[in-house]
Amino acid sequence: MTALLNGDLAQASAAAGVALTEFFLTDKARWLWRFRLDQMTSDPRSEGWITRAVVGGPESAVVGYAGFHGPPDEAGMVEIGYSVAPDYRRQGYARAMLTSLVHRAATEAGVRTVRVTISPDNAASLATISGFGFVEVGEQWDDEDGLELIFEVPA
């Protein structure tokens with residue numbers, strides 16, 4: 001993550017063990033790497049829960065990144081996030097990421113609820129979560145993303 005923050009894609013790829021793309025250097029992604037590095041510094045137990053590169057397809061390309069916003073909170077809730085690189089969108093990768101994250105949450109002791117927040121304008125993400133049993137439970141304002149709808153499903 002430090003290498004990504006420094007714009008060093010080659011070093012970041014070497015550390016990750018996969019060829020990362022410019023998608024990992026966008027402003028949005030760099031904000032995420034800074035936030036997650038700060039999070040790991042303040043709460044080392046979050047390291048096993050945060051964002052990772054996602055590899056997929058027959059060529060084993062890095063298609064995006066996905067993970068949790070951190071370990072389960074005191075109520076047993078984990079929030080998930082995922083982002084698919086533009087060249088790989090509309091090919092089922094977001095649904096595969098979501099499936100994997102929900103499955104992991106369901107197998108972790110202490111996780112009772114899985115949450116995802118989505119902009120009401122993000123039709124693709126709203127369609128992605130359909131069929132997973134998520135129920136809209138409210139909304140929130142995010143300083144980075146604006147208005148978000150909150151969805152939850154029991155783990």
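Visitor: How far apart are the mean positions of the positive and negative charges?

Guide: Lys and Arg count as positive and Asp and Glu as negative, while His and the chain ends are not counted; the place of a charge is NZ of Lys, CZ of Arg, CG of Asp or CD of Glu. In this protein the 12 positive and the 21 negative charges have mean positions that are 5 Å apart.

Guide: Please keep in mind that this is a predicted model, in which local features need pLDDT of at least 70 and side-chain atom pairs count only at pLDDT 80 or more, whereas totals for chains, interfaces and linings use all residues. Residues are numbered from 1 along each chain as its sequence is written, and side-chain values use heavy atoms, with hydrogens and water left out.

Visitor: Which pattern does the protein follow along the sequence?

Guide: Helices (H or I, at least four residues) and strands (E, at least two) are DSSP runs, numbered from the N terminus. Here there are five helices and six strands, and read along the sequence they give α-α-α-β-β-β-α-β-α-β-β. The radius of gyration of the protein is 15 Å, close to the 15 Å that the globule rule gives for 155 residues, so the protein is as compact as a globular protein of that length; this radius is taken over C-alpha atoms, and the rule is 2.2 Å times the number of residues to the power 0.38.

Visitor: What share of the residues counts as buried?

Guide: Buried means under 20% relative accessible area, exposed over 50%, and partly exposed in between, with a 1.4 Å probe and protein chains only. Of the 155 residues, 43% count as buried.

Visitor: Which residues of helix H2 are buried?

Guide: In H2, which spans residues 9-16, the buried residues are Leu9, Ala12 and Ser13. They cover an arc of only 100 degrees around the axis, which puts them on the same side of H2; the arc is that of the directions from the helix axis to the C-beta atoms. Ala10, Ala14 and Ala15, on the other side of H2, are exposed. The cover over the buried residues includes helix H1 (2-5), and just after H2, glycine 17 takes a positive phi of about 80 degrees.

Visitor: Where does alanine 124 lie?

Guide: Alanine 124 lies in helix H5, residues 123-129, and is partly exposed, with a relative accessible area of 46%. Its C-alpha atom and that of glutamate 47, 77 residues apart along the chain, are separated by 29 Å.

Definitions and conventions:
Contact = heavy atoms within 4.5 Å.
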